[in-house]
Amino acid sequence: MARVTQATAPWLPRLASRIAWGALFPIVLLGIGWELLASSGHVTPFQLPRLSAVFIRIWDDAQTGELAINAGLTLYRTLVGFAISVVGGVLLGAGMARSVSIRWFFDPIISVGFPMPKIAFLPIMVLWLGFFDVSKIAMIVLDAIFPVVTATLAGLNSVERELIWSARNMGASERELLWQVMLPAALPQILTGLQVSLPLCLIVAVVAEMAMGGYGLGGAMNTASRFADSRGVFAGIVEIAAVGYCLIKLMSLIRRRLLLWHQEALEPTTA
């Protein structure tokens with residue numbers, strides 16, 4: 001009975017508690033070191049403000065609504081760009097895996113574009129799309145779609161041939177083979193690509209906001225830097241780190257829930 005109760009208990013509060021306690025110790029150590037260094041007199045408050053002063057600034061931004069606006073806009077751009085990258089990347093990767101002509105056309109583009117610093121296209125995005133959300137989201141998609149495409153292509157190419165032959169012998173059509181056999185088998189590698197792509201989306205969103213200005217966590221940091229507001233700059237760093245940590249943990253949670261059937265989810269647990 002206790003076993004059933006534990007299995008049916010809400011998993012989200014337990015997971016959130018585990019994540020919070022797992023991150024608490026290193027964060028506390030880092031915070032203590034920051035506070036001690038800022039109070040030691042070896043650096044000026046302009047170079048490194050006290051962590052307590054930075055938290056006061058974050059609290060003030062939260063009270064005025066600036067934090068909610070900036071974090072909300074950055075998350076919106078990040079998640080919209082990520083969603084477009086996931087859909088487009090999986091479809092393109094699947095097309096390259098299943099069609100020789102599609103792979104012949106896109107393989108050189110992927111090979112050249114993946115290692116290229118896509119931030120070089122920022123002036124072109126500004127010229128074509130302006131300074132608003134569309135250009136920033138386009139920059140995110142341009143950067144984040146490559147890991148999804150390559151992970152999808154690698155995952156589909158690594159599906160066991162015996163599995164494909166068995167499905168065909170049982171009468172599966174090419175469409176059923178792709179959606180019911182190959183994509184589920186390639187899901188672990190695809191999710192790995194998504195785990196690489198999501199923090200990349202946040203990074204590009206912040207960089208684009210800093211370069212183009214306007215609202216958002218990157219834009220707020222840029223504005224604080226222009227006015228020599230050291231506390232505002234470091235507050236932005238802390239806020240971006242917190243948002244990034246939450247996104248990474250959320251993606252790990254999604255992976256764990258989607259791969260309950262996979263070998264990596266069958267590890268022994270003490271829970």
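Predicted model: local features only at pLDDT ≥ 70, side-chain atom pairs only at ≥ 80, totals over all residues.
This report describes the helices, salt bridges, surface patch and selected residues of one protein model.

**Overall make-up**

The protein contains 11 helices and 0 strands. Read from the N terminus, the order of elements is therefore α-α-α-α-α-α-α-α-α-α-α, with the helices defined as DSSP runs. Of the 271 residues in the protein, 38% are buried.

**Salt bridges**

Side chains of opposite charge can pair when their charged atoms come close. A search of the whole structure gives 5 salt bridges.

| Pair | N to O distance | Position of the residues |
|---|---|---|
| Asp 61 and Arg 57 | 3.3 Å | both in helix H3 (residues 51–64) |
| Arg 57 and Asp 229 | 2.4 Å | helix H3, and the loop between helix H10 and helix H11 |
| Arg 77 and Glu 209 | 2.8 Å | helix H4 (residues 66–98), and helix H9 (residues 174–212) |

Which residues are linked in a network of salt bridges? The network consists of Arg 57, Asp 61 and Asp 229. Within helix H3, Asp 61 and Arg 57 stand 4 residues apart, which is about one turn of the helix. Arg 57 also forms a salt bridge with Asp 229, their closest N and O atoms lying 2.4 Å apart. That pair connects distant parts of the chain, since 172 residues separate Arg 57 in helix H3 from Asp 229 in the loop between helix H10 (217–226) and helix H11 (230–258).

Are Asp 61 and Arg 57 buried or exposed? Asp 61 has a relative accessibility of 17% and therefore counts as buried, the cut-off being under 20%. Arg 57 has a relative accessible area of 19%, so this residue is buried as well.

The salt bridge between Arg 77 and Glu 209 has an N to O distance of 2.8 Å.

**A nonpolar patch on the surface**

On the surface, Ile 124, Leu 127, Trp 128, Leu 129 and Val 134 form a nonpolar patch. Together these residues have about 570 Å² of accessible area. Helix H6 (residues 122–129) supplies the largest share of the patch, namely 4 residues. Val 134, by contrast, is located in helix H7 (residues 133–157). Its relative accessible area is 53%, so Val 134 is exposed, the cut-off being over 50%.

**Packing of two helices**

Helix H7 also takes part in a contact with helix H4. The axes of H4 and H7 are 6 Å apart, and the two helices pack at an angle of about 35 degrees. The crossing of H4 past H7 is right-handed. Sorted by class, the residues of this contact are 19 nonpolar, 8 polar and 3 charged.

Most residues other than glycine have a negative phi, and most peptide bonds are trans. Ala 228, a residue other than glycine, has a positive phi near 55 degrees. Ala 228 is placed in the loop between H10 and H11. With 48% relative accessibility, Ala 228 counts as partly exposed.

**Residues apart in sequence**

Ala 167 lies in helix H8 (residues 161–169), and Gln 180 lies in helix H9. The C-alpha atoms of Gln 180 and Ala 167 are separated by 9.5 Å, while the residues are 13 residues apart along the chain. Are these two residues buried or exposed? Gln 180 is exposed, because its relative accessible area is 59%, whereas Ala 167 is buried, because its relative accessible area is 11%. Ala 167 is also 9.8 Å from Met 182, C-alpha to C-alpha, and 15 residues apart from Met 182 in sequence.

Val 238 belongs to helix H11. Its relative accessible area of 19% means that Val 238 is buried. The C-alpha atoms of Val 238 and Phe 55 are separated by 8.8 Å, although these residues are 183 residues apart along the chain.

How values were computed
Residues numbered from 1 in each chain as written. Heavy atoms only, no water. Salt bridge = Lys/Arg side-chain N within 4 Å of Asp/Glu carboxyl O. Buried < 20%, exposed > 50% of the residue type's maximum accessible area, 1.4 Å probe, protein only. Patch = residues over 30% accessible without salt bridge, like charges linked within 9 Å, V, L, I, M, F, W, Y side chains within 5 Å. Areas by Shrake-Rupley, 256 points an atom, 1.4 Å probe, with all protein chains shown as cover. Axes fitted to C-alpha atoms, helices over the stretch in contact; angles between N-to-C directions. Left-handed = near helix turned anticlockwise from the far one by under 90°. Nonpolar A, V, L, I, M, F, W, Y, C, P; charged D, E, K, R; others polar.
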